[in-house]
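Please look at the sequence and the model together while reading this report. The sections below go from the sheet to the salt bridge, the pocket and some single residues.

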Amino acid sequence: VYPSQANFVLARRPDTDMGRLQRTLKAQRILIRHFDVPGLADCLRISVGTPAETTAVVQALRTALRGDA
């Protein structure tokens, strides 16, 4: 995750299909942004939400990444 002064974080995970990860989370009604462009294809933009929303995103990411989404 890169330092941020906005209401979102940009998270990079090399060698991970972030488009697939974004679609996996979308199926769970968790909306995050994937940029399918050079330089950002391995990144997700995650907006800051409520504490409960943040917990849900972190748990969903952990679960999806365990399966190497």
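## Terms and basis

Two strands are said to pair if DSSP finds at least two bridges between them. Helices (H or I, at least four residues) and strands (E, at least two) are themselves DSSP runs, numbered from the N terminus.

This is a predicted model, in which local features need pLDDT of at least 70 and side-chain atom pairs count only at pLDDT 80 or more, while totals for chains, interfaces and linings use all residues. Residues are numbered from 1 along each chain as its sequence is written, and side-chain values use heavy atoms, with hydrogens and water left out.

## Overall form

The protein chain has two helices and three strands, and from the N terminus on these elements follow the order β-α-β-β-α. Taken along the principal axes, the C-alpha atoms of the protein chain fill a box of roughly 30 × 30 × 15 Å.

The radius of gyration, taken over C-alpha atoms, can be set against a globule rule of 2.2 Å times the number of residues to the power 0.38. For a compact globule of 69 residues the radius would be near 11 Å, and the protein chain, with 11 Å, agrees. Of the 69 residues of the protein chain, 28% count as buried, where buried means under 20% relative accessible area, exposed means over 50% and partly exposed lies in between (1.4 Å probe, protein chains only).

The three strands form an open sheet in the order 1-3-2, with antiparallel pairing. Strand 1 and strand 2 stand at the edges with a single partner strand each, so one side of each is left without a neighbour in the sheet.

Strand 1 and strand 3 are antiparallel and pair over five bridges; Phe8 stands opposite Ser47 in strand 3, and Arg12 has Cys43 in strand 3 as its bridge partner. Strand 2 and strand 3, which also run antiparallel, are joined by two bridges, and here Arg33 stands opposite Arg45 in strand 3.

## The salt bridge

Side chains of opposite charge can pair when their charged atoms come close. With a salt bridge taken as a side-chain nitrogen of Lys or Arg within 4 Å of a carboxyl oxygen of Asp or Glu, a search of the whole structure finds one.

The salt bridge is formed by Arg12 and Asp42, whose closest N and O atoms are 2.7 Å apart. Arg12 lies in strand 1 (residues 8-12) and Asp42 in the loop between strand 2 (33-34) and strand 3 (43-47), so the pair ties together parts that are 30 residues apart in sequence. Arg12 is partly exposed, with a relative accessible area of 32%.

## The largest pocket

Grid points are joined across faces, edges and corners, and a volume is the space filled by probe spheres set on the points.

The largest pocket has a volume of about 430 Å³, and of the 22 residues that line it, Val9, Ile46, Val57, Val58 and Leu61 are the closest to its centre. Strand 1, helix 1 (18-26), strand 3 and helix 2 each supply at least two residues of this lining, with the largest share, seven residues, coming from helix 2. By class the lining has 15 nonpolar, three polar and four charged residues, where Ala, Val, Leu, Ile, Met, Phe, Trp, Tyr, Cys and Pro count as nonpolar, Asp, Glu, Lys and Arg as charged, and the others, Gly among them, as polar.

## Single residues in helix and loop

Ala56 is found in helix 2 (residues 51-66) and, at 34% relative accessibility, counts as partly exposed. Ala56 and Ile30 are 26 residues apart in sequence, and their C-alpha atoms are 8.4 Å apart in space. Thr63, which is also placed in helix 2, counts as partly exposed at 49% relative accessibility.

Most residues other than glycine have a negative phi. Asp15, in the loop between strand 1 and helix 1, has a positive phi near 65° and counts as exposed at 81% relative accessibility. Arg29, in the loop between helix 1 and strand 2, has a positive phi of about 70° although it is not a glycine, and Arg29 is exposed, with a relative accessible area of 78%.

Definitions and conventions: 1 Å grid on protein atoms, 1.4 Å probe; cavity = no way out; pocket = protein on both sides within 12 Å on 5 of 7 lines; lining within 4 Å.
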